[in-house]
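Thanks for coming. I will take one structure today and go through its helix packing, its sheets and a few backbone details.

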Amino acid sequence: MKKVAIIGAGITGLSAAFYAKKAGNAVTVFDKKSHVGGVMQTLSQNGFIYETGPSTGVVSLPEVTELFEDLNIHHLLEEAPRLSGNRFILKNGKLHPIPTGPLSGLATPLFSWKDKFGMPLEPFRPRGTDPEENLTSFVRRRLGNSILEYAVDPFVSGVYAGTPDDMIPKYALPKLYNLERDYGSFIRGSIAKMKQPKTDRDKKASKKTFSAKGGLSVLAEHLEKDIGKENFVMNANPIVIPAAGEYQIQVGEKNFGPFDRVIFTAGADHVFEALPFAQEKFPDASQVLYAKVAEAAIGFNHWTGLPLNGFGALMPSKEKRNILGILYMSSLFQNRAPQGGALLAVFVGGLRHPEFLNLNDGQFREMVGKEVASIMQIPHFEPDLFEITRHEHAIPQYDKKTPLREKAYKGIEQAYPGILMGGNGIDGIGMAKRIAQGRALAERIR
């Protein structure tokens, strides 16, 4: 048994603590906030259940399903219905479905005829030679400009709140990057991947959009219960202190420990708050750009707009709208709005418009209301719920700073045996990535 301190009670830290304890270790989790889950928080108001942080995840890795199984709450894993495969892109003021096959690909007005007819030639285009090529160049070279503008650009702004100009596929989208590197083509690589046999464990990664019944906080609450509330130190600004091969954790005037292992799972911008002794030697550990994002939960007791028959809608930057995207939350998950009503999650800001987070609540509501009413064809924008959450450090960008950060994280681990580095600064941002990283960190305890 090891005594393990975990810095951060977000989904990564909770997953690490759960699996570390499951393996027989003694764990203590430290976090600045008064509640577990980090930015993953669910609130309820007037018949609406809404998220103030991440709204959904994707079961892209088996670790997601296994976490619910290991907690004995598999019945609370809620996967979105089939209609969630319907995703929409705004073009010239109208929403169009993203093509899902060759016929819809030919019919869509989203892409140019040049790029439609050029798609069969993709396997014959040469590989790139620059491993740090940005996503704009990468997609334009392989697929064409219209696909960049009306598929990839809105995806990047919707998921990462970033831009294709800043994103490096090698770091942000390694699976896509590896298709070209390993197979010379997205199409050839995708076909080869589809032919590979899947184990029973692989099949647990359903690729479906997921939440927990009642909201993502339900997952955090079950993790907290299983880890044990007595093993959490909240409202804490933990500082790690190396001491003769062990580590103390200082919180205010109180010391905890000693600990054999320290697992860091907070954001990269907080590395040196917790590990001040590493700053001089590994300054690149905090080299990270976080996109600012504001989220509006908008609820209607009676829905009068466009049919909410899908996942949601994304806004290409070329359309010059003041929002990034709209998720149809009440269509994805049960009991998120009153019967006959609707719940939307609307995202604003990102690298496109960080200044929008400085709007006061009245200005913000007016701007978002005009956009949503126009796009969703709502005759009278009179919502029964309008709640705003602002995140100054929402989503880390996987840009050219990423390898510097990764190298510094590894350097800290090597220089200070017993410290294990994680968090959303490395290994990706999605819920599945965070759960898998937390579990992997726990499995590295020796």
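Predicted model: local features only at pLDDT ≥ 70, side-chain atom pairs only at ≥ 80, totals over all residues.

Local features need pLDDT of at least 70, side-chain atom pairs count only at pLDDT 80 or more, totals for chains, interfaces and linings use all residues, and side-chain values use heavy atoms, with hydrogens and water left out.

A word on naming. Helices (H or I, at least four residues) and strands (E, at least two) are DSSP runs, numbered from the N terminus.

Helices first. Two packed helices are described by the angle between their axes and the distance between the axes. Here the axes are lines fitted to C-alpha atoms, for helices over the stretch in contact, and angles run from 0 to 180 degrees between N-to-C directions.

Take helix α15, residues 431-443, and helix α1, residues 11-22. Their axes are 7 Å apart and the packing angle is about 40°. α1 and α15 are therefore oblique to each other; on this scale, angles under 35 degrees count as roughly parallel, over 145 as roughly antiparallel, 65 to 115 as roughly perpendicular and the rest as oblique. The crossing of α1 and α15 is right-handed. A crossing is left-handed if the near helix is turned anticlockwise from the far one by less than a right angle, and right-handed if clockwise.

Which residues of α1 and α15 meet? From α1 there are Ile11, Thr12, Ser15, Ala16, Tyr19 and Ala20, and from α15 there are Arg434, Ile435, Gln437, Gly438, Arg439 and Ala442. Contact means heavy atoms within 4.5 Å. The residues of this contact of α1 with α15 divide into six nonpolar, four polar and two charged.

The crossing of α2 and α15 is left-handed. On the α2 side the contact is made by Glu63, Val64, Glu66 and Leu67, and on the α15 side by Ala432, Ile435, Ala436 and Arg439. This contact of α2 with α15 has five nonpolar residues, no polar ones and three charged. Ile435 and Arg439 are listed in the contact with α1 and also in the contact with α2.

α2 leads on to a sheet: the helix lies across β5, β6 and β9, running at about 20° to β9. Those three strands form an open antiparallel sheet in the order β5-β9-β6. β5 (57-58) and β6 (77-79) stand at the edges with a single partner strand each, so one side of each is left without a neighbour in the sheet. Two strands pair if DSSP finds at least two bridges between them. Between β6 and strand β9, residues 209-212, there are three bridges, with Leu77 opposite Ala212.

Another open antiparallel sheet has the order β11-β12-β13. Its edge strands are β11 (239-243) and β13 (254-259). Neighbouring strands there are turned by 25° against each other on average, direction ignored. Five bridges link β11 to strand β12, residues 246-251, and Ile239 stands opposite Gln250.

Next, a hairpin. Strand β3, residues 42-45, is joined to β4 by four bridges, and the two run antiparallel; Ser44 has Ile49 as its bridge partner. Are the faces of β4 (residues 48-51) covered or open? Both are covered: Phe48 and Tyr50 on one side and Ile49 and Glu51 on the other are all buried. Buried means under 20% relative accessible area, exposed over 50%, partly exposed in between (1.4 Å probe, protein chains only).

Last, the backbone. Most residues other than glycine have a negative phi, and most peptide bonds are trans. In the hairpin of β3 and β4, with two residues between the strands, Asn46 takes a positive phi near 50°. Asn235, in the loop between β10 (232-233) and β11, has phi near 55°. Asn235 is exposed, at 58% relative accessible area. Gln377, in the loop between α13 (361-376) and β19 (385-396), also has a positive phi, near 55°, and is exposed at 52%. Finally, the peptide bond between Gly257 and Pro258 is cis, with omega about 5°, and Pro258 is found in strand β13.

Methods:
Residues numbered from 1 in each chain as written. Nonpolar A, V, L, I, M, F, W, Y, C, P; charged D, E, K, R; others polar.
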